[in-house]
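Here is a short report for a reader new to this structure. Please look at the sequence and the model first, then read on.

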Amino acid sequence: MKKIYYLSTCNTCTRIINELDLPEGFQLQDIKTEPITEQQIEDMRARTDSYENLFSKRARIYKELGLKEKSLSENDFKNYILEHYTFLKRPVILFNNQIFIGNSKKTVEAAKTAIHA
């Protein structure tokens, strides 16, 4: 699978996609206009340790809802991501059986290396 879940209005996502110099065959899904399905989040979860790894604690709504003070379960993380796109740590890059989550320099470099190996 060659897919990227991203937000078209996010400059960081756009910069990373351009930086990756994607070969043909990649599918891009703008999570704002095409929400993530339960099957898609479960596929992502199968490639990482937890739903929490996919969850963005930097989202403004995270603070607004006071979630920082709550103890969230794996199911809570999953449901919040499905409920509102801003809770997905972006971008999420699926390449073959690998997953790259977020925009850290290390993650982007690892994705670039895997894609162009």
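## Tyrosine 62 and helix H3

Tyrosine 62 is buried, at 8% relative accessibility. Buried means under 20% relative accessible area, exposed means over 50%, and partly exposed lies in between (1.4 Å probe, protein chains only). Tyrosine 62 sits in helix H3, residues 60-64. Helices (H or I, at least four residues) and strands (E, at least two) are DSSP runs, numbered from the N terminus. Tyrosine 62 touches Phe55, Ser56, Lys57, Leu67, Lys68 and Phe87, not counting residues up to four places away in sequence. Contact means heavy atoms within 4.5 Å. Tyrosine 62 and serine 104 are 42 residues apart along the chain, and their C-alpha atoms are separated by 20 Å.

## About the model

This is a predicted model, where local features need pLDDT of at least 70 and side-chain atom pairs count only at pLDDT 80 or more, while totals for chains, interfaces and linings use all residues. Residues are numbered from 1 along each chain as its sequence is written, and side-chain values use heavy atoms, with hydrogens and water left out.

## The nonpolar core

The largest nonpolar core has 37 residues. Such a core is a set of buried Ala, Val, Leu, Ile, Met, Phe, Trp, Tyr and Cys residues joined through side-chain atoms within 4.5 Å. Met44, Leu54, Leu88 and Val92 have the most contacts inside this core. The elements that give two or more residues to this core are strands S1 (2-6), S3 (92-95) and S4 (98-101), with helices H1 (11-20), H2 (38-46), H4 (74-83) and H5 (105-115). In soluble globular proteins, nonpolar side chains tend to be buried together.

What does valine 92 touch? Leaving out residues up to four places away in sequence, valine 92 touches Lys3, Ile4, Tyr5, Met44, Leu54, Ile99, Phe100 and Ile101.

Glutamine 29 is found in strand S2, residues 27-30. Glutamine 29 is buried, with a relative accessible area of 0%. Its contacts, not counting residues up to four places away in sequence, are Lys3, Ile4, Tyr5, Tyr6, Glu34, Pro35, Ile36 and Gln40.

Threonine 48 lies in the loop between H2 and H3. At 15% relative accessibility, threonine 48 counts as buried. Threonine 48 touches Asn53, Leu54, Ile99 and Ile101, with residues up to four places away in sequence not counted. Between the C-alpha atoms of threonine 48 and serine 104 there are 16 Å, and the two are 56 residues apart along the chain.

## Cysteines without a bond

How many disulfides does the structure hold? It holds zero disulfides. A disulfide is a covalent bond between the sulfur atoms of two cysteines. Here the test is a pair of cysteine sulfur atoms within 2.5 Å. Cysteine 13 has its closest cysteine sulfur in cysteine 10, 3.6 Å away, which is too far for a bond. Cysteine 10 is buried at 17% relative accessibility. Cysteine 13 is buried too, with a relative accessible area of 1%.

## The largest pocket

The largest pocket holds about 270 Å³ of space. On a 1 Å grid over the protein atoms alone, a pocket is an open set of points where a 1.4 Å probe fits, with protein on both sides within 12 Å along at least five of seven lines. Grid points are joined across faces, edges and corners, and a volume is the space filled by probe spheres set on the points.

The pocket is lined by 15 residues. Lining residues have an atom within 4 Å of a point. Cys10, Ser56, Arg58, Arg90 and Asn103 lie nearest the pocket's centre. By class, the lining has five nonpolar, seven polar and three charged residues. Ala, Val, Leu, Ile, Met, Phe, Trp, Tyr, Cys and Pro count as nonpolar, Asp, Glu, Lys and Arg as charged, and the others, Gly among them, as polar.

## Loops and backbone

The peptide bond from arginine 90 to proline 91 is cis, with omega near -10°. Proline 91 is found in the loop between H4 and S3.

Aspartate 21 is not a glycine, but its phi is positive, near 50°. Aspartate 21 is in the loop between H1 and S2, and is exposed, with a relative accessible area of 56%. Asparagine 96 also has a positive phi, of about 55°. Asparagine 96 lies in the loop between S3 and S4, and counts as partly exposed at 39% relative accessibility.
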